[in-house]
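Here are my notes on the model you sent over.

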Amino acid sequence: MDWWTLGVLIFEMLASYPPFYDEDPMKTYAKIMHAAIEFPRHFSKEAVDLITGLLHPKATKRLGVLKGGAKKIKTHPWFKGFDWDALYRKELSAPFIPDVKSPEDMSNFAECPGEDEEMDFPPYEDDGSGWDKRF
């Protein structure tokens, strides 16, 4: 498991942008090397603590690598109340289920700026191979 990537993912899911972004790739690299993260105000102290632990610049000092491993992450206060056993059993309900009227319904997505040509994809048809059974 790449714990650093988990930290980036959690940050992006909460902030809607990456933790080390900069227009200049060298500045992005410097931010990564120094773990220079500016947290939005709406982040809880638990989220900041978890992400800071996962994004430690020294891989050997990251949360998940230290004594206690993954258990330290699963028992972190940010995950309080999360049912890991239900996740493992695939029994968790989705926190949000969008209303989809048809296979072509795109009402749940924002339009991309500058997209002036219509993409015409045929609706999905299951080929019966079962390739998606494990999803």
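1. What share of the 135 residues of the chain counts as buried? The answer is 21%, where buried means under 20% relative accessible area, exposed means over 50% and partly exposed lies in between (1.4 Å probe, protein chains only).

2. A word on the basis: this is a predicted model, in which local features need pLDDT of at least 70 and side-chain atom pairs count only at pLDDT 80 or more, while totals for chains, interfaces and linings use all residues. Residues are numbered from 1 along each chain as its sequence is written, and side-chain values use heavy atoms, with hydrogens and water left out.

3. On the fold, the chain has five helices and zero strands, taken as DSSP runs numbered from the N terminus (helices H or I, at least four residues; strands E, at least two). A compact globule of 135 residues would have a radius of gyration near 14 Å, whereas this chain has 20 Å; the radius is taken over C-alpha atoms, and the globule rule is 2.2 Å times the number of residues to the power 0.38. The C-alpha trace spans about 50 × 40 × 30 Å along its principal axes.

4. Do look at helix α3 (residues 45-54), where Ala47, Leu50, Ile51, Gly53 and Leu54 are buried. Seen down the axis of α3, these buried residues fall within an arc of 160°, so they line one face of the helix; the arc is that of the directions from the helix axis to the C-beta atoms. They pack against α1 (3-15) and α4 (69-74), with contact meaning heavy atoms within 4.5 Å.

5. Salt bridges come to four, each a side-chain nitrogen of Lys or Arg within 4 Å of a carboxyl oxygen of Asp or Glu. One of them joins Glu46 to Lys45, with the closest N and O atoms 3.5 Å apart. Glu46 is partly exposed at 28% relative accessibility, and Lys45 is exposed at 68%. Another pairs Arg89 with Glu91 at 2.8 Å; Arg89 is partly exposed, at 45%.

6. Finally, Met26, Tyr29 and Met33 form a nonpolar surface patch with about 350 Å² of accessible area together. Patch residues have over 30% relative accessible area and no salt bridge, with nonpolar side chains (Val, Leu, Ile, Met, Phe, Trp, Tyr) joined within 5 Å and like charges within 9 Å. Areas come from the Shrake-Rupley method with a 1.4 Å probe; for residues, only the protein chains shown count as cover. Met33 sits in helix α2 (residues 25-34) and is partly exposed, at 44%.
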